[in-house]
Amino acid sequence: MTKIGLEIHSQLTKLESKLFCSCKANYREFEPNTNICPICMGLPGSLPRLNQKAVEKATMIAMALNCSTPEKIAFFRKNYFYPDLPKNFQITQLNIYGDTSVGGTGVIMVGEKKIRITRIQLEEDPGRLIYEGSSEKNQITLVDYNRAGTPLVEIVTEPDFENPKEVREFLNILSDLLENLDVSDPSLEGAMRADANVSIEGGNKVEIKNIGSFHDLEKAVHFEITRQQSLHSRDIPIIQETRHWDDKRKITISSRSKEEDLDYRYFLEGDIPWVRIGKDIKEKLKSEMPESINSKKQRYVSKYGIPVQVADVLSSDKFYSDLFEAAHTQENAKEVANIITTDLMGLADTREKRESSKLKPSHLKAIADSIQSGKIARNSAKNALYEIVKTGKELSDIISELDLGNVSDESELSKIIESIISEEPQAVEQAKSNPQTINYLVGKVMQKTKGKADPKLTLDLLKKQIQ
Amino acid sequence: MNIKISALQFTRDVKSGNISAEDFVAKTMEQIQKIDGNLHAFLSLNDKAVDQAREIDKKIKSGEKIGQCFGMPISIKDNICIKDTKTTCASKMLENFIAPYDATVITKLKQQDAIFVGKVNLDEFAMGLSTEFSAYGPSKNPWNTDYVPGGSSGGSAVSVRAFECVASLGSDTGGSVRNPASFCSTVGYKPTYGLISRYGLISYANSIEQIGPLTRTVEDAAFMLNLIAGLDSNDNTTIDDNNMDYLKDIDSGIEGKKIGIIKEMIGEGIDPSVLSATKDAISKLEGLGATCEEISLDMVKYSVAAYYIITATEAGSNLARYDNLRYGYDFSVEGYEFNSYIEKARKKLGPEVTRRMILGGFVPSAGHAGKYFLKALKVKSKLTRQINDAFKKFDLLISPTVPILPFKIGEKINDPVALFLIDINTVTANLTGKPAISIPYAISNGLPIGIQLVANSMNDKLLLQAAHALEKTVKLPEVPV
């Protein structure tokens with residue numbers, strides 16, 4: 001049986017400041033080495049100043065993943081030398097001297113499958129190494145400490161996955177969950193990184209490090225299983241080793257470094273006293289936690305009668321469900337959900353498009369209400385939506401500018417219908433004997449009016465004129 | 001002008017207009033010029049000190065609001081950061097490190113119009129008890145310059161005793177304030193862990209060390225504590241003392257107090273003159289209305305071993321950043337081949353620091369932690385339990401600060417174990433976080449002896465009251481400088 005376990009690193013990108021100082025947690029827009037201070041640079045004499053908000057957010061993640069949460073948490077030093085690590089130790093958490101990390105064991109359901117969480121810990125991200133130079137011999141390594149000290153949550157699972165598909169489903173659930181908690185934006189470059197361990201029946205465990213995104217994580221796992229299976233089929237032993245993910249070539253490569261032999265000399269970080277997270281604090285955090293994806297989904301189905309599949313898609317995406325929450329009324333909820341999932345999701349399918357979209361909840365509400373009152377046809381609504389996303393103009397302006405309003409004038413519509421009837425004698429005959437085929441004629445009217453004919457009125461008039 | 005006055009006397013005299021801050025500071029700088037070539041307390045001097053004092057005099061004259069220090073000249077151990085000032089830790093590794101920020105204690109003292117006359121000597125990174133491990137040469141004991149001044153805050157003790165400043169800040173990891181205070185005959189006080197912010201103190205063993213004042217009188221120590229104690233958002237380990245006034249009621253005396261005599265600290269290896277001074281102090285305390293009784297803390301015999309294992313472990317981590325890449329590097333425009341450069345890393349650290357870094361890499365490592373580091377932590381928690389039990393019965397504990405008299409420069413430098421054992425009476429307060437103070441008590445063959453009092457956590461006020469009461473019974477000859 002194939003066994004896959006994951007170690008996922010998620011930055012808490014939504015926090016204002018770093019884990020131990022007041023530099024920005026979102027370091028991405030800074031020139032190299034400008035988002036730094038004596039603390040995150042580990043200058044002599046500086047001390048870490050724990051960001052309480054980070055502890056709260058990490059605890060929320062643990063609670064959302066159904067993990068146990070201890071009464072008191074502690075921080076440890078992980079000692080190792082690396083140029084991107086200002087102090088030559090990392091402040092992290094550890095569970096070997098009792099459960100003192102933000103999260104202990106937990107379970108999360110991926111479809112019908114139980115995935116066990118081993119632990120969740122809060123730690124600081126190191127700086128970033130940038131390699132430049134034309135050849136291996138000429139390589140220069142640059143260090144940018146802007147990232148050093150960014151709050152990071154490490155989520156470790158048991159080896160409960162059996163194939164890349166389960167991994168992908170888990171990652172989808174996890175990234176939706178993190179986004180819904182408003183702790184992290186998984187789409188930001190480098191916000192999500194992972195290590196994986198993979199073993200197939202009869203082989204040793206192989207660790208894959210340095211996977212830079214969820215997308216690549218699935219690919220890496222897939223590659224590694226295939227690689228191991230092909231070795232196995234040729235009776236070549238699979239050795240226990242650490243491999244690195246090469247994100248340019250999309251393959252895993254054996255790392256010659258002896259990383260697994262490192263002795264981290266873990267010990268308690270004396271500069272940060274134990275942090276109590278008592279029942280009172282947990283209750284408070286629970287009350288501040290955004291509604292879970294599951295509860296949202298159920299509410300959408302039971303309160304508004306939104307179909308399960310639509311509710312599923314809508315609830316798992318924070319951006320769209322926030323839009324829905326702001327735009328809907330009890331009456332138009334189904335329509336709003338429909339517009340978001342069938343039209344909007346296609347229009348704003350990337351991060352850039354979402355960010356540049358000019359659409360406001362009030363726009364959505366206006367569109368849904370107009371469809372329901374018959375002011376605008378669905379087709380035209382889609383065109384209007386496209387314009388609004390681009391320009392942010394009011395719906396009423398767009399309707400008049402682009403002449404998208406429904407043709408609901410009876411005499412005007414009757415004229416159009418008359419001409420269709422004369423153009424399609426065969427279809428008219430058919431409709432007389434088989435009333436269901438009348439829809440073909442409705443379609444023709446729609447074609448001629450570019451979708452603007454009021455569908456109900458068209459049908460009534462057609463029926464009247466054919467008889 | 002007399003510069004041999006206490007800190008409190010100085011502030012009273014300047015406030016009343018008896019003396020000017022400028023004259024006093026100028027006189028102090030003269031004293032440094034005159035004698036420091038011989039004593040070597042200072043690693044660097046503040047050449048603007050007199051100008052700063054003049055500014056303070058101006059402020060006083062014009063009736064501006066003035067801080068409680070009134071331009072008092074203070075020396076600072078060279079492991080505490082002062083902005084835009086070299087902070088070397090007496091190491092070649094930080095020879096050119098100019099701190100870009102002020103330690104919290106420095107910020108607070110600046111707000112009170114203190115003047116920093118200079119940075120003073122220590123054992124490299126505060127590891128040692130004689131200043132002989134300073135990369136810039138040892139300081140000399142002002143009572144007899146053939147002898148060590150104690151350490152690691154040796155420069156602080158020398159500068160206070162030899163009137164090169166009025167008060168000093170040192171740091172105490174295992175006795176580094178109290179040991180030189182005892183050897184040089186000054187007051188040396190290590191407060192409860194967390195009472196003074198460590199922000200800006202370059203860490204050696206961060207879980208047990210504290211900044212502490214070295215002063216001429218116990219009252220001065222209480223005065224300094226008033227200025228620098230309290231909660232600091234930059235140091236998560238600080239505790240709130242509710243702005244306690246440690247000077248108020250310092251004359252309360254010790255009548256009715258129960259004092260425990262720590263048996264393990266007056267036994268084997270103690271110098272007879274130190275023992276008789278201790279006995280004398282005990283009878284003086286009884287004369288003041290206290291009751292004294294022996295108590296055994298048997299974990300004390302493991303305390304030095306535990307202390308060196310814990311401090312080495314933390315030092316190995318705290319000093320890991322000094323890797324010759326970020327600090328202490330030679331700069332060559334051609335650059336270096338990485339591996340050959342790494343080989344040279346840490347060559348700039350001296351022998352004692354190197355020894356402790358190697359020990360610190362070993363004792364907490366996988367396969368050895370159980371035998372050493374984890375066992376040391378057990379000793380620490382057992383010792384804490386024992387001393388907490390003792391404080392259920394006693395208000396204070398007493399012992400000599402150091403079991404021996406100051407030794408000669410060079411006498412013990414090649415015997416690290418013998419040096420380690422000298423810490424036996426001081427490390428307990430650090431391992432347990434308790435406040436402890438050393439006060440000058442006697443002179444034997446021209447060399448000082450200090451007496452140590454220890455109180456329970458956050459009983460610093462009681463500790464200072466008791467030390468003040470005992471201090472008043474002492475009359476010592478003047479230092480021959």
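**A helix, a domain contact and a parallel sheet**

The buried residues of α3(A) are covered by elements of chain A that include β1 (3-11), α2 (164-180), β10 (192-199), β11 (206-211), β12 (241-246) and β13 (251-254). Helices (H or I, at least four residues) and strands (E, at least two) are DSSP runs, numbered from the N terminus. Contact requires C-beta atoms, placed from the backbone, within 7 Å. This is a predicted model: local features need pLDDT of at least 70, side-chain atom pairs count only at pLDDT 80 or more, and totals for chains, interfaces and linings use all residues. Residues are numbered from 1 along each chain as its sequence is written, while chains are lettered from A and ligands numbered from 1 in the order in which they are written.

Stay with α3(A). It spans residues 214-233, 20 residues in total. From first C-alpha to last it reaches 29 Å, close to the expected 28 Å. That expectation is 1.5 Å times one less than the number of residues. Its buried residues are Phe214(A), Leu217(A), Glu218(A), Ala220(A), Val221(A), Phe223(A), Glu224(A) and Gln228(A). Buried means 20 or more other C-beta atoms within 10 Å of the residue's own, with C-beta atoms placed from the backbone; exposed means 12 or fewer, and partly exposed lies in between. Just after the helix, Asp235(A) takes a positive phi of about 60 degrees.

Now zoom out to the domains. Chain A is assigned domain 1 (3-282), domain 2 (291-402) and domain 3 (410-466). Such bounds come from an automatic or database domain assignment. The C-alpha centres of domains 1 and 2 of chain A lie 36 Å apart. Their contact takes six residues from domain 1 of chain A and six residues from domain 2 of chain A. On the domain 1 side, α2(A) gives the most, with four residues.

Next, the two chains. Their contact takes 22 residues from chain A and 31 residues from chain B. The chain A side divides into 11 nonpolar, five polar and six charged residues. Here Ala, Val, Leu, Ile, Met, Phe, Trp, Tyr, Cys and Pro count as nonpolar, Asp, Glu, Lys and Arg as charged, and the others, Gly among them, as polar.

Finish in chain B. Strand β7(B), residues 258-262, has four of its five residues buried. Five bridges join β7(B) in parallel to β8(B), residues 291-295. Pairing needs at least two DSSP bridges. Gly260(B) has Glu293(B) as its bridge partner in β8(B). β7(B) also pairs in the parallel sense with β9(B), residues 396-400, over three bridges. There, Ile259(B) stands opposite Leu396(B).

How values were computed: Contact = placed C-beta atoms within 7 Å.
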